[in-house]
Amino acid sequence: MQQRYVGNSGFRVSSLSLGTMSWAQETDEQDAAEVLHAFVAAGGTVVDTAASYAHGQAEAMLGSMLGDVVARSELVISTKAGVSSSDSRRSINASRGAMLSALDASLARLGTDYIDIWFAHEWDPNVPLDETLSALELAQRTGRARYVGISNYNGWQTAKAAAVAGFTLVANQSEYSLVQRKAEEELIPAVEDAGLGLMAWAPLGRGVLSGKYRGQIPADSRAAQNRLAAYIEPYLEPRASRVVEAVAMAARGLGRTPMDVSLSWLLSRPGVATAIVGPRNAVQLKELLDAQLTVLPAEIGRALEDVSAQ
């Protein structure tokens, strides 16, 4: 798997990152171990998690595999703090105290003494930005985080954070795909101007760009689950469906899969360092690892951009 630099930094990541949002929920420990082992064997390095995923259980599951399934030295661990969730609501607290407490808890669950890259999970409108950034700076200065970044910050928030930080932010995590190109309006120009790299989550449009929702909702899909249906629903609308059909047509013409076409387009976009994918089992991972991930013919790329323009 290709290794790529993140922005203007010396931080290197694999072109695909393994997301763990489904771990300890849809993905049990056995499936997670199989996925992690196969991902690393294929040259993948980045495993992305968060303190809020399954109330910390995703981090704990990953931590239980370090040393047994894969060596800690083989992984680039990415985790986030500042968001917590319950069955009824989601809350943001990016204060210095909350961030640093969350970092220590993440380190304990992961069973490691450092995070490769640690993110402020979301912008907190109730906390001064310099307070949030001070937590990132302290984590880096004390060696608990090798690199730091921001997540889900929009364009002006990214530009402001990079301007006032006084230390190096290397990445922003944001949603970006052929069915969600809002990042191109302000975020990607801000990321590039600040020398950051974009780590794109939901690069397959929350699964719809794989083509599995064409004409139906599979019984074992996230859209069929009450807990996650609302997460997928915006990308089952007619505009997104037109994009999915265009991707499927391009894939047929190229002899590739819709998944491959979608990821190849994304990884060729300015500022993008890695695509965070979330296979729930080894079968889904194999489909991802079989992708060529090579640049699309120029005319195909232009056609996809025309049909997916927002």
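**Close-up views of cores and salt bridges**

**Figure 1. Surroundings of leucine 169 in the predicted model.** Leucine 169 is in contact with Leu133, Leu136, Val148, Gly149, Ile150, Ala161, Ala162 and Leu196, leaving aside residues up to four places away in sequence. The model shown here and in the views below is predicted. Leu169 belongs to the largest nonpolar core, which has 81 residues. Leu36 and Leu169 are the residues with the most contacts inside this core.

**Figure 2. The other nonpolar core.** Apart from the core of 81 residues lies another core, made up of twelve residues. Among them are Phe11, Val13, Ala273 and Ile276.

**Figure 3. Salt bridge between arginine 109 and glutamate 59.** The whole structure contains 14 salt bridges. In one of them, the side chains of arginine 109 and glutamate 59 meet with an N to O distance of 2.8 Å. Arginine 109 is in helix H3 (residues 96-110) and glutamate 59 is in helix H2 (residues 57-65), so the pair ties together parts that are 50 residues apart in sequence.

Figure 4. A salt bridge joins arginine 181 to glutamate 184, with 2.9 Å between the closest N and O atoms. Arginine 181 has a relative accessible area of 10%, and is buried because that value is under 20%. Glutamate 184 is partly exposed, at 24% relative accessibility. A network of salt bridges links Arg181 and Glu184 with Arg269 and Glu305.

**Figure 5. Salt bridge between glutamate 245 and arginine 214.** The closest N and O atoms of glutamate 245 and arginine 214 are 2.9 Å apart in this salt bridge. Glutamate 245 lies in helix H8 (residues 238-254), while arginine 214 lies in the loop between strand S11 (197-201) and helix H7 (229-232); the pair therefore ties together parts that are 31 residues apart in sequence. Glutamate 245 is partly exposed, at 37% relative accessibility. Arginine 214 is partly exposed as well, with a relative accessible area of 39%.

Methods: Residues numbered from 1 in each chain as written. Predicted model: local features only at pLDDT ≥ 70, side-chain atom pairs only at ≥ 80, totals over all residues. Heavy atoms only, no water. Core = buried A, V, L, I, M, F, W, Y, C linked by side-chain atoms within 4.5 Å. Buried < 20%, exposed > 50% of the residue type's maximum accessible area, 1.4 Å probe, protein only. Contact = heavy atoms within 4.5 Å. Salt bridge = Lys/Arg side-chain N within 4 Å of Asp/Glu carboxyl O. Helix = DSSP H or I, 4+ residues; strand = E, 2+ residues; numbered from the N terminus.
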